[in-house]
Amino acid sequence: AAHGGLQPRTSSGTAPSSQWWTDEQSVCPLTEFPVMLLPYPPFRLRLRGCKSDTVLIDGGYLVVSALATWRFEVAGKPLTVADIKALDAYMKK
């Protein structure tokens, strides 16, 4: 039997979603737009350098906004070189 239509299951028994952010209840702090309604994955911005302390951002909006205003900060946090590199990698996906 062909198994081409089978998808791996998560621990809850459901197929993993390629649009994982559609389950998020947060809003982008830049746009105040619900993350779950973004047509593309949000950018995960680390707030204090640790992986668990992140905020989901509309990455496309962040890039356009930074280039238009030359303000490289989010919610009062200046973007670091590491943040810019991560945002660059995100935009190339």
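## Helix H2 and its buried face

In helix H2, Asp 83, Leu 87 and Tyr 90 are buried, where buried means under 20% relative accessible area, exposed over 50%, and partly exposed in between, with a 1.4 Å probe and protein chains only. Viewed along the axis of H2, these buried residues fall within an arc of 60°, so they line one face of the helix; the arc is that of the directions from the helix axis to the C-beta atoms. On the other side of H2, Val 81, Ala 82, Lys 85 and Lys 92 are exposed.

This is a predicted model, in which local features need pLDDT of at least 70 and side-chain atom pairs count only at pLDDT 80 or more, while totals for chains, interfaces and linings use all residues. Residues are numbered from 1 along each chain as its sequence is written, and side-chain values use heavy atoms, with hydrogens and water left out.

## Span and packing of H2

H2 covers residues 81-92, twelve residues in total, and reaches 17 Å from its first C-alpha to its last, close to the 16 Å expected at 1.5 Å a residue; the expected span is 1.5 Å times one less than the number of residues. Helices (H or I, at least four residues) and strands (E, at least two) are DSSP runs, numbered from the N terminus.

The buried residues of H2 pack against strand S1 (43-46), helix H1 (59-69) and strand S4 (77-78), contact meaning heavy atoms within 4.5 Å.

## Positive phi outside glycine

Glu 32, in the segment before S1, has a positive phi of about 60° although it is not a glycine, and at 65% relative accessibility Glu 32 counts as exposed.
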